[in-house]
Amino acid sequence: MTTRWLTPKEQRAWRAYIAASHLLEDAIDRQLQQDAGMPHLYYSILANLSEAPERRLRMTDLAEGLKITRPRLTYAVTRLEKDGLVRRESCRWDKRGSIAVLTEEGMAEVERAAPGHVETVRAALFDRLTPEQVEQLEEISRAISDGLQEDTGDEVPWRRRSSSSCSGTA
C-alpha cells in the first residue's frame, strides 16, 4: 500500500484547520469557565437539553448529538446533577436507559451563560468571515461530518447500543 501524502496545499489547509479549531475551542472554553464556571462540554449539555422537547433527552441520544462517549457524558451529567442543573430519570420504555432532564436551575444557568457564549462565538468565528465564507464553512463542515459518520457507521461510541426513542411522559 502506497501512502498518499498530503500535498503542500493540503498540508497548509490541515494545519490551518487544526490551529483554528484548537484556538476556537480554547477561546470558548476560557469564556465559559470565566463567566459561567463550567467547561464548554457542560454548557453544550445544558444547551442541548434546553432545546429538546420538555427539556429532556435520552442519554444515548444526547451523547450522539454531542458526539461524545456515553461514559464521558455520564461523568459530565453526574457533575451537573450535583450542581442541581440536571436530573436523571429512568426510561419507561427501556429499563436500561435513562433520560437527562434540565432543571429550572439548569435553564436559568443556560439563560445566564448564553449571551456571553454567543458573543464569544460571534467574535471568534463569524465576525471574521464573509457571508459567503459562512455558507462555505457550513458546507465543508457538513461534508466532513456526514462522510465520517457514513465511514464509521455503528462503530462510533454513541451508536453501539440502541438509541431508540424514549419519552419520560408516556
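Lys-67 is found in the loop between α3 and α4, where helices (H or I, at least four residues) and strands (E, at least two) are DSSP runs numbered from the N terminus. The model is predicted, so local features need pLDDT of at least 70 and side-chain atom pairs count only at pLDDT 80 or more, whereas totals for chains, interfaces and linings use all residues. Residues are numbered from 1 along each chain as its sequence is written, and side-chain values use heavy atoms, with hydrogens and water left out.

Most residues other than glycine have a negative phi. With a relative accessible area of 38%, Lys-67 is partly exposed; buried means under 20% relative accessible area, exposed over 50%, and partly exposed in between (1.4 Å probe, protein chains only). Arg-55 also has a positive phi, near 55 degrees, and is not a glycine. Arg-55 lies in the loop between α2 and β1 and is partly exposed, its relative accessible area being 25%.

Turning to the overall layout, the protein contains six helices and three strands, which follow one another from the N terminus as α-α-β-α-α-β-β-α-α. Of its 170 residues, 31% count as buried. Among contacts (heavy atoms within 4.5 Å) with a separation of 6 or more, 62% involve residues 24 or more positions apart.

The three strands form an open sheet in the order β1-β3-β2, with antiparallel pairing; two strands pair if DSSP finds at least two bridges between them. At the edges are β1 (56-58) and β2 (86-90), each of which pairs on one side only. From one strand to the next, the twist averages 25 degrees; axes here are lines fitted to C-alpha atoms, for helices over the stretch in contact, and angles run from 0 to 180 degrees between N-to-C directions. Helix α2 (residues 40-51) packs on this sheet and touches β1, β2 and β3, its direction making about 90 degrees with that of β3.

Because four of its five residues are buried, β3 is largely enclosed by the rest of the structure.

Leu-46, leaving aside neighbours within four places in sequence, is in contact with Met-38, Leu-80, Leu-85, Val-86, Leu-102, Gly-106, Glu-109 and Val-110. Leu-73 has its place in helix α4 and counts as buried at 1% relative accessibility. Leu-73 and Ala-63 are ten residues apart in sequence, with their C-alpha atoms 6.3 Å apart.

Helix α5 deserves a look of its own. At 1.5 Å a residue, its 21 residues should span 30 Å, which agrees with the 30 Å between its end C-alpha atoms; the expected span is 1.5 Å times one less than the number of residues. Even so, α5 bends by about 40 degrees at Ala-114, and Pro-115 follows within four residues. The bend is the angle between axes fitted to the seven residues ending at a residue and the seven starting there. Buried residues of α5, including Gly-106, Glu-109, Ala-113, His-117 and Thr-120, pack against α1, α2 and β3.

On the α1 side, Gln-31 belongs to helix α1 (residues 8-36) and counts as buried at 9% relative accessibility. Beyond its neighbours within four places in sequence, Gln-31 is in contact with Ala-36, Ala-113, Gly-116, His-117 and Thr-120.
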